[in-house]
Every structure is written in structure tokens, then in C-alpha cells.
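Have a look at the model first, then read on.

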Amino acid sequence: MVESASAAGRLPATAVVMPVYNEATVVRGVIEELVGLGFTVIAVDDGSSDRSADEIDASGAIRVSHPINLGQGGALQTGFEAALRFTDAKYVATFDADGQHQAADLLGMIAKAEEGGYDVVLGSRFLDGKTEMSALRRLVLKTATKVFNRGSAHKLTDAHNGLRLVSRDVAARINLAFAGMAHASELEQILTQSIYRLTEYPVHVLYTEYSRSKGQPLLNSVNILGDILAHRVSTWRRA
Amino acid sequence: MIKFLLVPAVILAVVLSLRSRHSLRGQARRKIFAGLTVIAGVVAVVSPGIPQRLADLVGVDRGTDLLLYVLAVVIIYSVGSNSARFREQETGLVRLAREVALAECETRLIAGAQHFPPRPGPHAQSDPVVHSGPVTPPADGSSQEVVSGR
């Protein structure tokens with residue numbers, strides 16, 4: 001599927017922003033696949049203490065290394081700025097380093113953006129039944145999505161998916177204030193402004209043995225939910 | 001009576017403490033507060049009757065209770081202003097780290113471009129992504145902003 005996509009079309013210049021924090025064992029393979037498809041990968045090494053930086057350098061990505069750990073939101077913002085500064089990509093994508101995202105999905109998102117003239121394409125795990133997850137995780141994510149959707153112009157089916165594609169203009173307007181956990185809801189709040197042409201694309205997330213062991217245990221969903229609520233309250237106060 | 005004093009005091013403490021800390025007015029306000037605290041402390045120690053009289057005035061039974069209320073408001077203000085200050089510092093630190101990372105990457109990219117001149121035509125054409133950034137120096141001078149701006 002990957003081959004047909006790259007053979008069939010001319011890929012519009014796309015920079016893939018990938019926050020990397022202690023992913024030395026998998027990051028190289030993930031980047032090499034994307035580089036092989038013709039993407040410029042900007043790997044933001046977020047102060048990793050393992051060999052992630054060496055692996056990134058060996059993989060053919062542009063490496064931007066934070067001197068200290070800033071959190072995923074901080075890494076994404078750095079990646080967006082690096083993409084604008086070091087490339088003339090038409091699109092900027094975000095992609096997880098742990099291998100849970102599929103390059104084929106990203107190609108599909110680019111194709112959809114090209115065809116429909118979309119500014120923002122967000123991956124969603126709930127548009128079709130391809131992603132398998134526990135009932136509890138599904139419930140928590142659905143609740144998070146409901147809370148998030150209140151009062152935003154676009155209704156999303158999946159509020160926390162790391163696979164996103166935005167046009168260069170949109171990337172230039174992103175300015176994440178939250179370096180830590182709340183960045184995902186903040187980013188989506190920016191991206192779902194009604195001025196952008198936004199769509200969702202069904203993606204297949206692989207909860208591999210590795211990604212399960214590493215990230216996102218269910219308790220983290222509680223963190224995310226708490227962050228969204230806190231974020232809602234704090235932005236409401238400021239508004 | 002004390003309710004009507006305490007509730008606004010708590011709200012005021014939260015709002016004032018979360019406001020920007022950079023204004024001269026805010027700095028002056030904090031210095032005045034510090035001075036008043038010292039004076040109030042000395043007065044309360046030297047003549048313990050004064051807190052009691054103040055307590056009677058606002059309808060609190062004992063002077064120590066009044067002190068407790070005031071202490072609570074002060075702690076609320078202190079927590080609020082500390083968290084505001086912490087967030088400001090974190091924002092600055094994040095910006096600084098980001099600029100360091102981008103500048104270091106840019107240096108490496110420029111050095112790489114000089115050491116390894118652009119690869120011959122066929123590869124460059126097959127590569128759909130164009131790298132023009134590394135060879136152009138940053139025109140916006142954003143790295144200086146971090147040093148001098150804040």
C-alpha cells in the first residue's frame with residue numbers, strides 16, 4: 001500500500017515533526033520508513049538520556065535537540081518552528097516516534113488535503129473500527145472528546161490523536177503555550193478554529209507491545225482528561 | 001461582618017497574585033505589603049491588645065482567630081503569586097531551550113552543507129522535498145531577541 005502511494009503520486013513537500021523522548025530502540029526504523037517515502041523528518045530530541053540522538057542522526061532526519069526535557073508540547077512547537085525555518089514544506093505533519101502510526105495513513109491524509117484543499121487533517125481512531133482498544137480506554141477517550149467538543153466550531157470524533165497534518169500557513173500560526181501535558185487539547189483548540197478547513201481521516205493505531213509498555217497507560221488518559229478540564233477552566237478565566 | 005471582609009479579600013488575593021508581575025505598580029505593591037507585614041508583626045508582639053481590638057471591631061471573637069484569617073489570605077496570595085512566577089519562568093525557559101536547540105541545529109545544517117556540497121542532480125530531482133533553509137541565515141534575528149528581549 002505504501003509503494004503504490006509513492007509510485008502513483010508526486011508527494012507534495014511535507015515535513016514530519018516527530019517528538020522523540022528516549023525512543024532509541026524504535027525511532028530509527030520509524031524515521032527511515034518516512035525518509036524512504038520522501039518526507040523530510042524533523043526529529044525533536046526532547047532531552048533524551050539514551051542513544052536516541054545517535055539513532056536519529058543515523059536515520060537521515062534533521063535532528064533538533066532540546067538541552068533539557070520540555071515535554072511533548074514543547075517538542076511539537078520546536079518542531080513546527082524548525083519545519084518553517086529549515087524547509088519549504090507545503091504541509092507539516094506530526095507523527096509519533098514509537099511506531100504506532102502508519103506511514104500509509106499519513107500519505108492518505110496528504111492525498112485528502114490535496115484533493116479537498118483542507119488546511120487541517122486530523123487522524124481519528126473512531127471513524128472506522130480498525131483500531132482495537134479496550135472498552136475502558138474507548139470510554140475515556142470518548143469522554144475526553146465530548147468535553148473538548150463543547151463550544152468549538154468543528155466536532156471531532158477523536159480529540160487526542162498524535163497523527164495530524166496542517167498546511168504551512170496553519171503551522172506558522174501555532175504557538176503552544178503549554179509545554180507539558182495539556183498541549184494536545186491546546187493544539188486542537190487552535191486547529192479547530194472555524195476559519196480553517198478541517199477534516200478527519202480514519203487512521204489505524206497499532207498498540208504494539210512496545211507502545212503499550214512505554215506510553216499511554218490508561219492512567220495517563222485520566223491525566224489527559226484532567227488537563228483538558230483544567231485547560232478549559234483556565235482559558236475560561238482568561239477570556 | 002468578617003464574612004464581608006474575608007470573601008473579597010480572598011478573591012482580591014487570588015486576582016492580584018495572578019496578575020502580571022512585571023508592572024512597576026505590582027512591584028511597589030509587594031514592597032508596601034512587605035513593609036506593612038513587618039510593622040504589623042512588631043505591633044502585634046509589642047501590644048497584643050491591638051489584634052484583639054481589631055477582632056472586636058470586625059466581629060471576630062478572638063485576636064488569634066483574626067490573625068489566622070489574615071494568615072490564610074496571605075498564604076493564598078503567596079501560593080498564587082508563586083505559581084504565576086513559576087509559570088513565567090517556565091515559559092522563558094522553554095523559549096530559551098527552543099532557541100538553543102534551533103540555533104544548534106542550524107549551525108550543524110550549515111556546517112553539513114559546507115562539508116558536503118549539494119549532491120548531484122539526479123538525486124536532488126528525485127527528492128520531492130526541497131531544503132532551502134539550511135543555507136539561508138535567519139533573517140529575523142530571533143536568536144538575539146531571546147538574549148535581549150526578556
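**Sheet briefing**

In S7(A), A:Thr199 is the bridge partner of A:Val121. Heads-up: this is a predicted model, where local features need pLDDT of at least 70, side-chain atom pairs count only at pLDDT 80 or more, and totals for chains, interfaces and linings use all residues. Residues are numbered from 1 along each chain as its sequence is written, while chains are lettered from A and ligands numbered from 1 in the order in which they are written.

Strand S5 and its partners
- S5 (residues 120-124) of chain A pairs with S7 (residues 198-202) in the parallel sense, over five bridges; strands are DSSP runs (E, at least two residues) and helices are too (H or I, at least four), numbered from the N terminus, and two strands pair if DSSP finds at least two bridges between them.
- S5(A) also runs antiparallel to S6 (residues 164-167) of chain A, joined by three bridges, and A:Val120 sits opposite A:Val166 there.
- Five of the five residues in S5(A) are buried (20 or more other C-beta atoms within 10 Å of a residue's own, with C-beta atoms placed from the backbone).
- A:Val120, A:Leu122 and A:Ser124 cover one side of that tally, A:Val121 and A:Gly123 the other.

The whole sheet
- Seven strands of chain A form an open sheet with mixed pairing, in the order S3-S2-S1-S4-S6-S5-S7.
- S3 (62-65) and S7 of chain A are at the edges with a single partner strand each, so one side of each has no neighbour in the sheet.

- S1 (residues 14-20) and S2 (residues 40-45) of chain A run parallel, joined by six bridges, with A:Val16 partnering A:Val41.

How values were computed: A residue is buried if 20 or more other C-beta atoms lie within 10 Å of its own, exposed if 12 or fewer, and partly exposed in between; C-beta atoms are placed from the backbone.
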